[in-house]
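Dear colleague,

I am handing over the structure that we spoke about, and I would be glad if you could look through it alongside the notes below.

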Amino acid sequence: MLGIETSCDDTGVGVVEGPKARFSERLSSAPALEPFGGVVPEVASRWHLEHLPRLLRRVLAELEVRLDDFSAVAVTVGPGLVGPLLVGLSAAKGLAKGLGIGLIPVNHLEAHALSPFVGQEQVPFPYLALLVSGGHTELVLCEALGRYRVLGRTADDAAGEVLDKVGREMGLGYPAGPEIERLAEESRAKVSLPVTRLPDFVFSFSGLKTAALRALRELPEERLADLAAGLQEAVFAQLEFQLRAAVRETGVRTVALVGGVAANRRLREKMERLAREERVELRVPPPALCTDNGLMVAFCGYLYWREGQRFPMDAVDAVPDLDLGEPLPGGEKD
Ligand code: KG4
Ligand code: ZN
């Protein structure tokens, strides 16, 4: 199974054989986006157009396979930016049609939620997933393949978005998350920022963003690391609060920490401690599988393929606002 990911700013290609990972490569368009300080859909689309064919050639060379060795191609159809999504989908449709193989539409959020289990025969449903990325912050009860209950999400910015936005004002590159992590390690006295704790698993980061930007204006330059550490801490404390509440309410035994922000070592440590205290098993993908990649897409597609699900090619389309748990385009309705 070949997997293609182009929903946002990373071009990703991955291959699984059965559930096992065979290949994963990702090219971030961040350098092209750096001057804009964020994702510009046209720039990202052009990036995917240029880099996807190259990545596909690398797969074939690296694995010494031919395109027609694949049984199917899985591709992210949403949520994401329509232009970038269409680049990946057109390529996948072309391959599937030309080679006469299957096409599996993949929900990007579902692929993230399943990412800690790449390589495993069984996914330990039910489990709780905390999905933290640049576009999403969601707490999800994962009941079965295709069956997800979103317990709560953010009312405003996503966790990664706050790091990226405040980071941009701090003069850091895009995306700022990794640089904030690095800077925070140099901090000696972190700036104290407010932690939002709302009921019903609702996340909110706009108050924190305002407070962080105000602190930035008032602080001397040499305390940038302290601000980075304080910002990270306040974001993570809110995530921890909501995850703990959800573990207690649902009684699940397994928790998955996924999405780009899950690559952060400090967050991983905090969540490991939470898991020990709450006696649940924590599953976090390796950092390269936290940020957007094609391997999680290939794995998610494989799980559907293995269940015998097939999708008529003409019905598969890009769905920029696809929700978790929503039927896949071209899929059978229950
Ligand atoms: O999942 P992802 O690659 O793309 C989306 O689907 O949004 O997540 C990207 C986000 C960005 O906001 C980026 O700043 C953040 O993940 N991120 C990090 C780290 N690596 C990536 N945030 C904190 N620490 C990191 N090490
Ligand atoms: Zn993502």
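This is a predicted model: local features need pLDDT of at least 70, side-chain atom pairs count only at pLDDT 80 or more; totals for chains, interfaces and linings use all residues.

Residues are numbered from 1 along each chain as its sequence is written, chains are lettered from A and ligands numbered from 1 in the order in which they are written, and side-chain values use heavy atoms, with hydrogens and water left out.

To begin with one sheet, 5 strands form an open sheet in the order 3-2-1-4-5, with mixed pairing; strands here are DSSP runs of E with at least two residues, helices are runs of H or I with at least four, both numbered from the N terminus, and two strands pair if DSSP finds at least two bridges between them. Strand 3 (20-28) and strand 5 (102-107) are at the edges with a single partner strand each, so one side of each has no neighbour in the sheet. From one strand to the next the twist averages 20 degrees. Strand 4 (residues 72-78) pairs with strand 5 in the parallel sense over 6 bridges, and V75 has P105 in strand 5 as its bridge partner.

Helix 2 (residues 41-63) packs on this sheet and touches strand 1 (2-5), strand 2 (10-17) and strand 3, its direction making about 25 degrees with that of strand 2; contact means heavy atoms within 4.5 Å, and angles run from 0 to 180 degrees between N-to-C directions, with axes fitted as lines to C-alpha atoms, for helices over the stretch in contact. Helix 3 (residues 82-99) lies across strand 1, strand 4 and strand 5, and runs at about 160 degrees to strand 4.

Another open sheet, again of 5 strands, has the order 8-7-6-9-10 and mixed pairing. Its edge strands are strand 8 (147-153) and strand 10 (281-283), each of which pairs on one side only. Strand 7 (residues 137-144) and strand 8 pair in the antiparallel sense over 6 bridges, where C142 has Y148 in strand 8 as its bridge partner. Helix 8 packs on the sheet, touching strand 6 (127-132), strand 7, strand 8 and strand 9 (254-258), and its direction makes about 165 degrees with that of strand 6. Helix 9 (residues 265-278) also packs on the sheet, where it touches strand 6, strand 9 and strand 10 and makes about 160 degrees with the direction of strand 10.

Strand 6 deserves a separate look. Of its 6 residues, 6 are buried, buried being under 20% relative accessible area, exposed over 50% and partly exposed in between, with a 1.4 Å probe and protein chains only. Both faces are covered, with Y127, A129 and L131 on one side and L128, L130 and V132 on the other. A hairpin of 4 residues joins strand 6 to strand 7; the two strands pair in the antiparallel sense over 6 bridges, and L128 stands opposite L141 in strand 7. With strand 9, strand 6 pairs in the parallel sense over 4 bridges, and here L131 stands opposite V258.

Among the helices, helix 5 (residues 159-169) has A159, G160, V162, L163, D164, V166 and G167 buried, and their cover includes strand 6, strand 7, helix 6 (177-184), helix 7 and helix 8. Just after helix 5, G171 takes a positive phi of about 85 degrees.

The axes of helix 7 (residues 206-218) and helix 8 (residues 224-250) come within 11 Å and cross at roughly 170 degrees. The two helices are therefore roughly antiparallel to each other, a term for angles over 145 degrees, with under 35 being roughly parallel, 65 to 115 roughly perpendicular and the rest oblique. In this contact, L208, A212, A215 and L216 of helix 7 meet L224, L227, L231, A234 and V235 of helix 8.

Finally, the largest nonpolar core has 61 residues, of which L114, Y127 and F299 touch the most other members; such a core is a set of buried Ala, Val, Leu, Ile, Met, Phe, Trp, Tyr and Cys residues joined through side-chain atoms within 4.5 Å. Helix 11 (residues 294-306) gives the most to this core, with 9 residues. A second, separate core of 51 residues includes L151, A215, L224 and A228.

With best wishes
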